[in-house]
Amino acid sequence: MAAWQKWWPGLAVFTVVVAGVLAGGARADEAPADIKIGHLHAGSGPYASISMPVYDSLKLWVEQQNANGGAFVKAYGKKIPLKLISYDDQSNPGTAATLTNQLITQDKVDLLVCDSGSVLTAVSVPIAREHKMFLFDPTGTGAAFFSKDNPYIALLADPVSTVWPRYLWEFLKSDAARLGAKRVALLYSTNDFTGTQANSIRAALKEPGSPVEIVFDQGVPTSTSNYSVLIDNIAATNPDMVLELGYVGNDIAFLRNLQESGQKFKGVFTLYPGIETNVLLKNVGASGLAGVFSYVTALGLTLKPEIGMTVEELRAAFEKAYGEGGVEFGWNAIAGHVTGLVIGETLAHADSLSQPDLRRAVFGLSGKLKTLVGTFELRDDGAQIGELTPIGQFDAAGKIAVVYPPEFATAKPVIGAP
Amino acid sequence: MRDFLSVGLPVVAIFALLPLVYANQLLLFNFVLFLILAQGLNAIYGFTGYLPFGYVGFFGAGAYGFALAVMHLAAPPALALLLAGLAALVLAMILTPLLRLSGAYFAIANLAAAQAVYQVIANPALQDITKGPYGVSLASVFAPRASYGAALLILAGVLALVAWLRHGRFGLALQAGRDDPVSAAMAGIPVVSSRIIAWLISALIAGLAGGVFAWHISVFYPETAFDLSTSIFAIVFTLFGGAATLSGPIAGVILLYGLYNLIGISVPQYFQLIYGALIVGLVLFLPRGLASLLQRRGVDVP
């Protein structure tokens with residue numbers, strides 16, 4: 001008894017300390033004040049035109065979530081406000097690399113979203129992998145990012161570059177060839193995005209038995225802004241169909257130069273008119289787009305989402321938030337919204353905020369999530385394969401109608417259109 | 001050696017210890033990289049007066065030398081680093097005739113040469129060799145800690161070299177040739193061959209920096225390796241601190257690159273305005289760099 005009396009003050013202190021530590025541990029499991037989403041955007045430089053719409057739209061989604069009390073986080077069983085930390089990498093890959101590290105090591109973000117486009121995404125991929133941080137990749141479609149030995153990436157809003165042009169080469173080998181377009185010229189900007197697409201198209205058109213012949217095949221620097229000589233060179237090979245694959249600036253320059261040159265081809269395909277339609281209409285005009293083939297994105301489809309807004313609802317909200325004269329609403333703004341939706345669903349399904357659980361939650365959405373761009377579906381390596389990119393053709397009023405594949409077609413393709 | 005022990009070694013030691021207290025190792029790596037490049041530029045500009053605007057050409061050659069060695073020879077990183085230096089050295093030997101030019105003509109010709117190398121590397125026709133414009137991925141050798149350590153070793157070597165140039169016979173000969181080439185030649189100094197050696201040393205340093213950059217970042221595109229802003233930064237940091245000193249370029253990198261990151265991260269919307277105004281102000285009011293403030297007062301700046 002005496003011994004107990006001697007030791008009980010010490011035992012009491014020990015008990016209090018242990019209780020304090022346990023209470024501290026319990027506090028660590030309490031919900032955080034906010035969920036930090038780390039993101040990079042290019043506020044200036046060559047990638048600003050594709051990056052800023054993604055950023056603005058993601059920011060809008062975060063604001064909408066916070067206006068409703070935050071996003072539902074399954075790990076804590078309640079809504080928690082979101083905090084978007086987005087740095088401007090000024091389109092500089094070196095700065096993007098440093099800032100990716102900053103988000104991981106200094107800001108200690110819960111979720112990491114890289115910048116748009118393959119060049120800026122490329123630097124974030126190894127850094128995220130090194131830190132075992134799952135990378136939410138909105139639009140970096142370079143095929144090299146996705147490999148089975150890297151579980152730390154998923155492409156959210158664009159199909160991977162090798163899958164994207166599938167309908168294009170099918171169209172060229174079927175309907176277009178049947179309508180007389182058998183000689184194809186392939187002109188592309190030499191970057192990961194369009195270069196990979198060109199490789200896929202070339203391989204498909206050169207398959208045995210292909211009714212299509214490639215008569216011109218040339219890559220040009222992405223910085224190309226004058227296509228006059230190239231158009232004359234293409235015309236000299238007498239193609240029926242010209243495919244020009246570039247970024248927004250390339251497509252604008254090509255279509256303007258084509259109008260000015262007076263050269264006529266039976267069919268012209270360019271990449272961005274169906275993706276950033278407003279920008280192309282403003283810079284090239286409806287007459288410059290008349291008859292042009294392009295990819296049809298959610299902008300030209302009437303897909304009914306099971307989650308999130310429709311295209312028109314998003315357009316209205318985007319234009320209300322950023323007004324006239326701001327960043328144009330287009331495909332990349334939709335990509336930003338889809339990024340937000342995937343993040344929201346990930347938080348709603350992940351058992352914890354650990355990176356493996358976040359990954360499991362993202363891959364668990366594959367094939368089940370239907371947004372305004374179609375079905376979210378991931379390959380094992382994280383590449384996006386579920387979204388649709390049918391082929392469309394512009395009319396004289398600047399409207400695009402789906403012409404391929406037949407199950408989505410709302411109009412017939414016209415080869416030899418003005 | 002005194003300069004190296006009093007200035008160079010502490011800088012290396014600080015950057016060796018900083019990762020223990022600051023986790024953004026890539027930022028620290030960039031500091032080390034620019035410390036190497038600024039001293040490499042110092043070796044040619046500070047000691048001969050030749051300002052190579054296309055200095056990034058050697059850096060890019062080093063980065064691609066490393067990448068090609070890893071991709072095609074399966075070289076281990078240490079050997080690939082040596083080959084990176086060798087690639088820059090070979091390029092410098094090819095470009096040696098540029099030293100016949102001087103002043104702005106040399107700067108512009110050098111810039112054009114760097115662009116020409118970039119266009120060759122990024123040419124889609126060379127995709128099988130260089131991966132063309134589609135960039136390289138060196139995931140098999142990605143090792144941020146080891147490459148950071150290698151960068152520190154290169155930095156230590158470069159600082160020791162510049163410290164030797166400042167007081168050694170060869171460095172003094174270079175400075176004599178820079179200040180008055182005719183008198184120096186009449187005094188028996190081989191001005192041309194000394195200049196060529198300084199040019200090769202400077203290219204070798206940039207090549208090693210490019211190689212260790214390729215190793216550290218592991219995924220990059222030609223426009224990243226040949227980014228003109230790399231040259232501009234190295235020049236600005238060297239000029240700001242004071243060329244032909246060991247501590248000037250170090251001060252330039254620490255202050256200006258520190259400020260660059262501070263502004264770039266906290267108020268990016270004002271970045272270009274603030275940084276541009278700062279550089280214009282420095283060029284107008286402090287053209288010989290910070291070191292000149294002390295040198296005017298008779299202080300021997302290491």
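Predicted model: local features only at pLDDT ≥ 70, side-chain atom pairs only at ≥ 80, totals over all residues.
Helices (H or I, at least four residues) and strands (E, at least two) are DSSP runs, numbered from the N terminus.

Residues are numbered from 1 along each chain as its sequence is written, chains are lettered from A and ligands numbered from 1 in the order in which they are written, and side-chain values use heavy atoms, with hydrogens and water left out.

Now the backbone of chain A. Lys108(A), in the loop between helix H3 (93–106) and strand S5 (111–113), is not a glycine, yet has a positive phi, near 50 degrees.

Next, helix packing. Two packed helices are described by the angle between their axes and the distance between the axes. Axes are lines fitted to C-alpha atoms, for helices over the stretch in contact, and angles run from 0 to 180 degrees between N-to-C directions.

In chain B, the axes of H1 (residues 2–21) and H7 (residues 144–167) come within 9 Å and cross at roughly 170 degrees. H1(B) and H7(B) are therefore roughly antiparallel (angles under 35 degrees count as roughly parallel, over 145 as roughly antiparallel, 65 to 115 as roughly perpendicular and the rest as oblique). In chain A, H2 (residues 48–67) and H11 (residues 331–349) pack at about 40 degrees, with axes 7 Å apart. That angle makes H2(A) oblique to H11(A).

Which salt bridge does Asp240(A) form? Its partner is Lys266(A), and the closest N and O atoms are 3.6 Å apart. A salt bridge is a side-chain nitrogen of Lys or Arg within 4 Å of a carboxyl oxygen of Asp or Glu. The pair links distant parts of the chain, 26 residues apart. Over all chains, the structure holds 15 salt bridges.

How many salt bridges join chain B and chain A? The count is zero. The contact (heavy atoms within 4.5 Å) takes 27 residues from chain B and 30 residues from chain A. About 2300 Å² is buried between these chains, and carbon and sulfur atoms give 56% of that area. Buried area is the accessible area (1.4 Å probe) that two parts lose on being put together, summed over both.
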